[in-house]
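Please read them alongside the sequence and the coordinates.

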Amino acid sequence: MNYTSQKSLTYNPSLTRNIGNKALTIASALFAIISVLPLILVISYVLIKGGSYINLDTLILEPEPPGDDLLSAGGIGPAITGTFIMSVIASIISIPVGVGGGIYLAEYSKSGKFAKFIRFGSNVLAGIPSIIAGVFIYAIIVSTKILFGSMFSGIAGGISLSILMIPTIIKTTDEALKLVPNDMRRAAFGVGASKFTMITNITLPAAFSSISTGVLLALARAAGETAPLIFTALFSRYYITSLDDLFYEMGSLSVLIYNFALEPYEAQNQLAWAASFILVVVLLSLNILSRWIVTLGAFSKNKV
Amino acid sequence: MDKARTSKFSLRTRPTSEKLVDVGFKNIVVAMASMVAIVLFSIFAVVYYESTESISRYGLRFLFSSAWNPVTDEYGAFTAIYGTLFTSIASLLIAIPLGVGTAIFITENIIPGYIRNVIGIMVELLAAIPSVVLGLWAVFIMEPFIRPFLNIIYELFGFIPFFGTQPLGAGMMPAILILVVMILPIITSISKDSLNQVPSKLRQAAYGIGASRWTTIFKVIIPAAISGITGGVLLALGRAMGETMAVTMIIGNSNNFSWSIFAPSYTISSMLANQFGEADGSQVSSLMYAALILMILTLLVNVFAQWIVKRLSLKYQ
């Protein structure tokens, strides 16, 4: 009977449990601050330092050979177009494969053995280090000179990036299609639609916003990748002038950053910062765009 | 009446073209799905095939020798394997409390919702910054900034072999720190998701019997979310082992084995990034052997992660 009378029910800050509680809350707040700090530091350095080297010349000119001229290092134009071209090549390969695979998993075989294996396989593929994708493409395309006898090429770079995009796209397509209510499928079958019509006219449009989010995120990740490119596309300081150039070395922003950051010359380092600025701005906008699409999709679902 | 119905609503027969489209579409998506399996198997097959020469020549000796001499054709990957395991596990040990702590901070009702959202989005945006940009930042900003602190540690504790070399720029310690930055978003966002999925009834029940916030977190919420958190941690471990660019730029790329965390070192992926371009002959085969080891390591970690998520989640459903 004594426990009712002796303990006060009002909050007592000097109790051990309350002190411990406060301390742990403060610790977790500190951890959160420490986790956010690198982002703020990296972004502000890249935006301020990189942004100050951005001008029309930097955006358009070809980079000069390292160490030639400290006053004018040229620009990053070819690297910007190279990154764009290789991202497009990677998307052309990985979007059909990823969306098709996702459709198979969600619409045709939801829990079959093969589907289980493909889900497991795309998880494993997503976990494989990006540099292994480069090593793989090097072994089957670059060193065998299978593409018209040329070794390092923009196409090989694009293919190696597509390997990194496929698992993300498959997973998001699969998840997005699974969220489409089964009633919509039954309604489509009920009015006599074939499975192909049902998928292309009902479920794919309903899942479109989530799928495009996944594609954008995959693209953003691939466009910033360096490791698979350093021995598939290598690097080139020149603009491509014809389709033929796709079969030769191609520059990219990320490889430019890697190469020029390690140069001992100030002018090259500045180009690396400028390239980082462009890359970070583009990738962050892609990420924010994908978030925005998600909110759009949520809105349209409410309307349905 | 019967006649009217059949004339108005006759049963539609599927035209052959529609059947063809249906079957064709199914075959196409099956083919697309199979691509995953084909790519996965061919990655393993190709890397294994290319490394057979080195495997037959060195066997398991490759794992324990730190020789790397293209002139005498003597190769061993011990330094790189040790570097890979050490940097990734050390960075994991730093990142787990930071990441899980942040996740708790933004899932429990400690701060108002909009600040929570801002922190959550910022941590996820950190994942969007390419590794090579983080490497650039690490080389020019972070490493010069932390060097004086590392020097103080060296002067005070230099007699311990772990701190036994003077920090002179690139080395294992800055690489560990940049890895922490890279794997933090993974641990945070996966822990956040699994903490959010803990039913609020559990929380209310704990508060109802008078548990304090952190007792609830440690005794109820974390045990309920442990499968997701462990999965996220293992995923982060896999990512840390395979992380290439930032590490290559900051670790110093030296194959000389040293116990000191201030000395330049190697990881398997930085070795590949650094040497693959200009390698030829049996060096390529040895690099492929190292790539195979890296693949097996990350594969084991990933499969273990999936297995643990399945096993532990059953316990709490």
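1. A term used throughout comes first: a residue is buried under 20% relative accessible area, exposed over 50%, and partly exposed in between (1.4 Å probe, protein chains only). This is a predicted model, in which local features need pLDDT of at least 70 and side-chain atom pairs count only at pLDDT 80 or more, while totals for chains, interfaces and linings use all residues. Residues are numbered from 1 along each chain as its sequence is written, chains are lettered from A and ligands numbered from 1 in the order in which they are written, and side-chain values use heavy atoms, with hydrogens and water left out.

2. B:Arg61 has a relative accessible area of 47% and is therefore partly exposed. Its salt-bridge partner is B:Glu74, at 3.6 Å from N to O; a salt bridge here is a side-chain nitrogen of Lys or Arg within 4 Å of a carboxyl oxygen of Asp or Glu. The pair ties together parts 13 residues apart in sequence, because B:Glu74 is in strand β2 (residues 74-75) of chain B and B:Arg61 in helix α3 (residues 61-64) of chain B. Helices (H or I, at least four residues) and strands (E, at least two) are DSSP runs, numbered from the N terminus. B:Glu74, at 31% relative accessibility, is also partly exposed.

3. By this rule there are 11 salt bridges over all chains. One of them joins A:Arg185 to A:Glu107, at 2.9 Å from N to O. A:Arg185 belongs to helix α8 (residues 182-190) of chain A and A:Glu107 to helix α4 (residues 77-108) of chain A, so this bridge links parts 78 residues apart in sequence. Both residues, A:Arg185 and A:Glu107, are buried.

4. A:Glu225 and A:Arg221 form another salt bridge, with the closest N and O atoms 3.6 Å apart. A:Glu225 is buried at 13% relative accessible area, whereas A:Arg221 is partly exposed at 34%.

5. Where does B:Arg203 lie, and is B:Arg203 buried or exposed? B:Arg203 is part of helix α8 (residues 200-208) of chain B, and its 16% relative accessibility makes it buried. Its side chain comes to 3.4 Å from the backbone oxygen of B:Leu195. Leaving aside residues up to four places away in sequence, B:Arg203 touches B:Thr107, B:Glu108, B:Leu195, B:Val198, B:Thr216 and B:Ile221; contact means heavy atoms within 4.5 Å.

6. B:Phe149 sits in helix α6 (residues 131-157) of chain B. With a relative accessible area of 48%, B:Phe149 is partly exposed.

Terms used
A polar contact is a pair of N or O atoms within 3.5 Å; within protein, one must be able to donate a hydrogen and the other to accept it, and residues adjacent in sequence count only if both atoms are side-chain atoms.
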